[in-house]
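The sequence and structure are shown first.

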Amino acid sequence: MNYDLRFELVRAIACIRRSLGIQFGQGIVNRVLYPQALRIKNPKEVVIRYDRRFRLRLNTRSWIEWCLFLNGYFEHAIVRLLEKHVQPTDVVIDVGANIGVHTLVLSRLVGEQGRVFAVEPCPPVLRK
């Protein structure tokens, strides 16, 4: 196994950030501890718990997946907006769903009686 001490330090920081909901300090991790060049050169496969219900398999090369790994969310302001406006039994369409992180939140919000339609037109992203 290829052990990467820097990444293991970032993994520990990310775990703390996700569990405590810390929303600052990402820049320090991205610039100093694990800059983009390292993510691209040496991507990691990780699994995290997302939105209290889901397990996501992430590749840290992707910016969205890196943010999910480090913070536990992507575009947290949008998630808060969805939580404010989407109700159980709603029918919603997630156009440009990418890897589906907002789709997963929407599925929780609409409940079993609601529906979420996710559309992703980019074939490589759709396969993910």
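Helix H4 (residues 63-71) is largely enclosed by the rest of the structure, because eight of its nine residues are buried. Buried denotes under 20% relative accessible area, with a 1.4 Å probe and protein chains only. The buried residues are Ile64, Glu65, Trp66, Cys67, Leu68, Phe69, Leu70 and Asn71. Helices (H or I, at least four residues) and strands (E, at least two) are DSSP runs, numbered from the N terminus. The model is predicted: local features need pLDDT of at least 70, side-chain atom pairs count only at pLDDT 80 or more, and totals for chains, interfaces and linings use all residues. Residues are numbered from 1 along each chain as its sequence is written, and side-chain values use heavy atoms, without hydrogens and water.

| Element | Residues |
|---|---|
| helix H1 | 5-20 |
| helix H2 | 26-33 |
| helix H3 | 36-41 |
| strand E1 | 45-50 |
| strand E2 | 54-59 |
| helix H6 | 101-110 |

The axes of H2 and H4, lines fitted to C-alpha atoms over the stretch in contact, come within 11 Å and cross at roughly 115°. Gln26, Val29 and Asn30 of H2 meet Trp63, Trp66, Cys67, Leu70 and Asn71 of H4.

Just after H4, Gly72 adopts a positive phi of about 85°.

Conventions: Buried < 20%, exposed > 50% of the residue type's maximum accessible area, 1.4 Å probe, protein only. Contact = heavy atoms within 4.5 Å. Axes fitted to C-alpha atoms, helices over the stretch in contact; angles between N-to-C directions.
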